Amino acid sequence: MRKVYVLLTDTGTVLTKMIKLYTKKPHNHASIALDDQLWDVYSFGRKRPSNPFLAGFVRENIRGGIFRNADCAIYCCTISEKQYDTICRKINEIEKNKGDYRYNLLGLFAVMFNLELDRKNAFFCSHFVAALLEESGVKINKQKPLSLVTPDDIKESTSLELVYEGKLSSYFAEENEHSMNDLVHPTYYHDFSTDRVEVI
């Protein structure tokens with residue numbers, strides 16, 4: 001089995017505050033991560049921190065920039081190897097052809113009026129995350145089309161388990177502490193067996 005992570009954030013930007021006025025929800029941006037240390041994080045969002053309207057498919061650096069002081073909720077989803085490969089293949093496909101994909105700003109505003117606006121190769125953040133999970137077989141929301149799914153809808157999926165909520169910077173601090181403990185803890189060396197060799 002494999003794990004992917006859904007990251008919901010509140011970065012405190014002007015656009016986020018505007019969306020929050022409508023949703024009344026604590027987290028209004030969604031990303032998907034392929035590892036628990038959140039190095040491989042993908043979404044549809046701003047390509048430049050200073051310009052929210054220059055947006056599209058992005059691999060996010062959530063250790064700085066607009067994420068530096070972000071509040072977050074991190075959810076874990078346990079999936080099969082086949083489902084994990086499906087997600088990775090789709091991300092790779094979009095990354096290779098990212099010029100063909102765009103941010104669905106009109107679709108984002110259409111959500112406010114509960115109007116479905118599903119444009120080809122166009123996503124906003126939660127639409128992208130929901131579509132990836134659904135394509136791999138993880139059910140998100142049976143009552144809504146994917147183009148109307150919000151970050152709050154995603155967290156309600158029974159397939160997701162909350163693993164952390166708080167400041168994003170504090171999560172990284174905890175992860176670093178755990179990593180250091182693993183290096184010095186004796187049980188770290190007991191997990192290896194002679195019938196499994198990993199090439200680093």
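Let's start at R63, whose charged end sits over the ring of W39, 3.5 Å from its centre (the test asks for NZ of Lys or CZ of Arg within 6 Å of the ring centre and within 35 degrees of the ring normal). R63 also lies over the face of F172, at 4.1 Å from that ring centre.

A word on the basis: this is a predicted model, where local features need pLDDT of at least 70 and side-chain atom pairs pLDDT 80 or more, while totals for chains, interfaces and linings use all residues. Residues are numbered from 1 along each chain, and side-chain values use heavy atoms, without hydrogens and water.

Now to the rings themselves. The structure holds nine aromatic pairs (Phe, Tyr or six-membered Trp rings with centres within 6.5 Å; stacked under 30 degrees, edge-to-face over 60, tilted otherwise). One of them joins F44 and F123, tilted, with 5.3 Å centre to centre and 50° between the planes. Because F44 lies in strand β3 and F123 in strand β7 (residues 122-123), this pair ties together parts 79 residues apart in sequence (strands are DSSP E runs of at least two residues, helices H or I runs of at least four). Both F44 and F123 are buried, meaning under 20% relative accessible area with a 1.4 Å probe, protein chains only. Ring pairs link Y42, F44, F57, Y101, F123 and F128 into a cluster.

F44 turns up again beside open space. Along with N28, H29, Y103 and C125, F44 lies nearest the centre of the largest pocket, which is lined by 44 residues. Elements giving two or more residues to this lining include α1 (14-23), β3 (41-48) and α4 (125-136).

How values were computed:
On a 1 Å grid over the protein atoms alone, a cavity is a set of points where a 1.4 Å probe fits but cannot get out, and a pocket is an open set with protein on both sides within 12 Å along at least five of seven lines; lining residues have an atom within 4 Å of a point. Buried means under 20% relative accessible area, exposed over 50%, partly exposed in between (1.4 Å probe, protein chains only).
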